[in-house]
Amino acid sequence: MRKEIEIAGRKIGEGHPCFIIAEMSANHNMDFDRAVEIMKAAKDAGADAIKIQTYTADTITIDSDKSWFQITQGTLWDGMTLHKLYETAYTPWEWQPKLKEIAEEMGLIFFSSPFDHSSVDFLEEMDVPCYKIASFELNDIPMIRKIAKLGKPIIMATGIAYEKDIRLALDTCLEEGNDQVILLKCTSAYPAPYDAVNLKMIPALADNYDCVTGLSDHTMGSPVSIGAIAMGAHVIEKHMTLRRADGGADSAFSMEPEEFREMCQGIRIMEQAIGKETYELSEKQFREREHSRSLFVVKDIMAGEVFTPENMRSIRPGYGLHTKYFEEILGKKATMDLEKGTPMSFAYVEGMETLEDDKGYA
């Protein structure tokens, strides 16, 4: 698999800024103008992309009251049938080309999660730059194969996947010559409890499948998304709405604009803080070493007087000899009179005058 993916000219992977996706989902509440406002808010907050979902109630399921189609798993939507939920949550298809145009004018990358073959065809007509496979569609191998054949990047959420599901989906893409896959760790609970997130799976997915990885985050707040950056996430996806109080199928676990902005800022700070594996010190850190420990004369000493723990000690700052010479100098005689507060030098130690000084801060 690839360790670097490019979507609409935006490089994603090691050495590049995290790709931050605002998921609109059902938060438009069937209002086109609200959808546009969400995109504006996402851009202002720092998102790189806006993602929608492309389906209708009839393309994603069927209208049935049978028990299999009832939502009873302890979710926000218990008591509804799948068809009734999706009737209220889908994004009208006639909006989507215009939303894409508006998003791109704002500088946002616009793409979607398709949920059947007809939605893939529709999105391909719109020329979206990539596709997202939702967790519950990761086992829809015919649809994944259809998308893989298009040769575009594919972002896959792994929320309900066994290892064999991930491997089968990836192998399907590779069979079609498409290695542009990003895997997102995901916890398919809404909202997701913190103790079920398992951020350690982000580097595990990267190592096991040699691919770019990230997080589709359904927890409340920003700590998990920010922490994911430290675990190697190169993509963060988070639901966004204008106000949770406005209601809607996904509003309860979605971020408001101010929260999304705080998350984006935290991600960018974390990226700076991660740095690199090095024992080198920055210029500022090197200067701070001057305040470290070293050997100093702490009592006036006469020439010929012996160095003892009472007249020479390891103290701050670091302008004297390194503390590792303490025992070696004890018992030796001073070559000259020394005042209290003088940083130690080999020049002051009988028998060591020719040595080059090794300062405590060096």
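Helix axes here are lines fitted to C-alpha atoms over the stretch in contact, and the angles between them run from 0 to 180 degrees between N-to-C directions. The model is predicted, and residues are numbered from 1 along the chain as its sequence is written.

**Stop 1: helices α5 and α6**

Begin by selecting residues 117-126, which form helix α5, together with residues 141-148, which form helix α6. The two axes lie 10 Å apart, and the helices pack at an angle of about 20°. Because angles under 35 degrees count as roughly parallel, α5 is roughly parallel to α6. The crossing of α5 past α6 is right-handed.

Next, display the side chains at this contact. From α5, select His117, Val120 and Asp121; they meet Pro142, Met143, Lys146 and Ile147 of α6. Coloured by class, the residues of this contact divide into four nonpolar, one polar and two charged.

**Stop 2: helices α9 and α10**

Move on to residues 223-230, helix α9, and residues 257-274, helix α10. Their axes come within 9 Å and cross at roughly 20°, which makes α9 roughly parallel to α10. Here too the handedness can be checked by eye: α9 passes α10 in a right-handed crossing.

On the α9 side, select Ser225, Ile226, Ile229 and Ala230. Their partners in α10 are Met263, Gly266, Ile267, Met270, Glu271 and Ile274. This contact comprises seven nonpolar residues, two polar ones and one charged one.

**Stop 3: the nonpolar cores**

The largest nonpolar core contains 62 residues. To find the members with the most contacts inside this core, select Met39, Ile50, Met156, Leu183, Ile236 and Phe260. Helix α1, residues 32-45, contributes the most to the core, with seven residues.

Return to Leu183 and show its surroundings. Which residues are in contact with Leu183, leaving aside its neighbours within four places in sequence? They are Met156, Thr158, Ile166, Leu170, Leu205, Tyr209, Cys211, Val212, Thr213 and Gly214.

**Stop 4**

Select Thr172, which lies in helix α7, residues 163-175. Its relative accessibility is 1%, so Thr172 counts as buried. Not counting residues up to four places away in sequence, Thr172 touches Ile141, Ile144 and Arg145.

Then select Thr91, in the loop between α3 and α4 (96-106). Thr91 likewise counts as buried, at 1% relative accessibility. With its neighbours within four places in sequence left aside, Thr91 is in contact with Ser25, His28, Gln53, Tyr55, Gln96 and Leu99.

**Stop 5: Asp65**

Go to the loop between α2 (57-60) and α3 (82-89), where Asp65 is found. Is Asp65 buried or exposed? Its relative accessible area is 62%, so Asp65 is exposed. Beyond its neighbours within four places in sequence, Asp65 is in contact with Gln70 and Thr81.

**Stop 6: backbone geometry**

Asn29 lies in the loop between β3 (19-23) and α1, and Met30 is placed in the loop between β3 and α1. Asn29 is not a glycine, yet it has a positive phi of about 55°. In Met30, also a residue other than glycine, phi is positive and near 65°. Asn29 is partly exposed, with a relative accessible area of 27%. Met30 counts as partly exposed at 35% relative accessibility.

The tour ends at two cis peptide bonds. The bond from Tyr190 to Pro191 is cis, with omega near 0°; Pro191 lies in the loop between β8 (181-186) and α8 (201-209). Finally, select Arg316 and Pro317, which are joined by a cis peptide bond with omega about 5°. Pro317 is in the loop between β12 (312-315) and α12 (326-329).

Notes
Predicted model: local features only at pLDDT ≥ 70, side-chain atom pairs only at ≥ 80, totals over all residues. Heavy atoms only, no water. Core = buried A, V, L, I, M, F, W, Y, C linked by side-chain atoms within 4.5 Å. Buried < 20%, exposed > 50% of the residue type's maximum accessible area, 1.4 Å probe, protein only. Helix = DSSP H or I, 4+ residues; strand = E, 2+ residues; numbered from the N terminus. Contact = heavy atoms within 4.5 Å. Parallel < 35°, antiparallel > 145°, perpendicular 65-115°, else oblique. Left-handed = near helix turned anticlockwise from the far one by under 90°. Nonpolar A, V, L, I, M, F, W, Y, C, P; charged D, E, K, R; others polar.
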